[in-house]
Amino acid sequence: MREKLTNPDHVRTWPGTIPVEHVYTVGVAGEAFLRAIKERGRLVAVGCPGCGTDYLPPRLYCERCFEKTGEVREVEARGTVDTFTVAHRDLEGHPLEKPQVYAFVRIDGTGGGLVHRLGEVDPDDVHIGMEVQAVFLPPAQRTGSILDIVNFKPAE
Ligand SMILES: [Zn+2]
């Protein structure tokens, strides 16, 4: 590989894999959000004192007016289906055993929401405006991941 290539068509490749590890840092606001899920089974939001925009998940600064946001506050882990889709195949294109519903759930009392799975519901019964609530893993099984929320199910 010491020769100088002058024609890009002559670039050589070696098939193989490179082991890569990474750490994803969620930041101060993201940590508050994931800790609330893991430690209390709750969702938290934050408001902007400058323009009143509400964020869930929380952010440190307002993306509209650049004001530092206020204190995080707990909100009910309930919301409304804003939009949804029904998947019949996995990421590799293989048919799923049963269809999986993914939805954007707008969380009550906030301007934000989460994309997550819907469960305990027939895909044919899902509709925009449907009221849902989060289902959390048992406390001992939580790891501080968004997947500590198993899914959202129809609200009781
Ligand atoms: Zn703002």
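What we are looking at is a predicted model, in which local features need pLDDT of at least 70 and side-chain atom pairs count only at pLDDT 80 or more, while totals for chains, interfaces and linings use all residues. The residue numbers I quote start from 1 along each chain, as its sequence is written.

Glu 120 sits in the loop between strand S6 (113-118) and S7, and although it is not a glycine, it has a positive phi of about 55°. Strands here are DSSP runs of E with at least two residues, numbered from the N terminus. As background, most residues other than glycine have a negative phi, and most peptide bonds are trans.

Where else does a residue other than glycine have a positive phi? Phe 66 has one, with a value near 65°, and this residue belongs to the loop between S2 and S3. Phe 66 counts as exposed, because it has 10 C-beta neighbours inside 10 Å. The loop between strand S2 (54-55) and strand S3 (73-75) is also the place of Pro 57, and the peptide bond that leads from Leu 56 into Pro 57 is cis, its omega being near 0°.

Let me turn to the pairing of strands, where two strands are said to pair if DSSP finds at least two bridges between them. Strand S4 (residues 78-89) runs antiparallel to strand S7 (residues 131-136), and three bridges join them; within S7, Val 132 is the residue that stands opposite Gly 79. S4 also pairs with strand S5 (residues 95-107), again in the antiparallel sense, over nine bridges, and Arg 89 has Pro 95 in S5 as its bridge partner. The hairpin of S4 and S5 has five residues between the strands, and there Gly 93 takes a positive phi near 90°.

I will finish with Leu 96, which lies in strand S5. Is this residue buried or exposed? Leu 96 counts as exposed, because it has 11 C-beta neighbours inside 10 Å. If we leave aside its neighbours within four places in sequence, Leu 96 is in contact (C-beta atoms, placed from the backbone, within 7 Å) with Ala 87, His 88, Arg 89 and Asp 90. Cys 48, by contrast, is 48 residues from Leu 96 in sequence and 42 Å from it in space, C-alpha to C-alpha.

Note on methods: Helix = DSSP H or I, 4+ residues; strand = E, 2+ residues; numbered from the N terminus. Buried ≥ 20, exposed ≤ 12 C-beta atoms within 10 Å, placed from the backbone. Contact = placed C-beta atoms within 7 Å.
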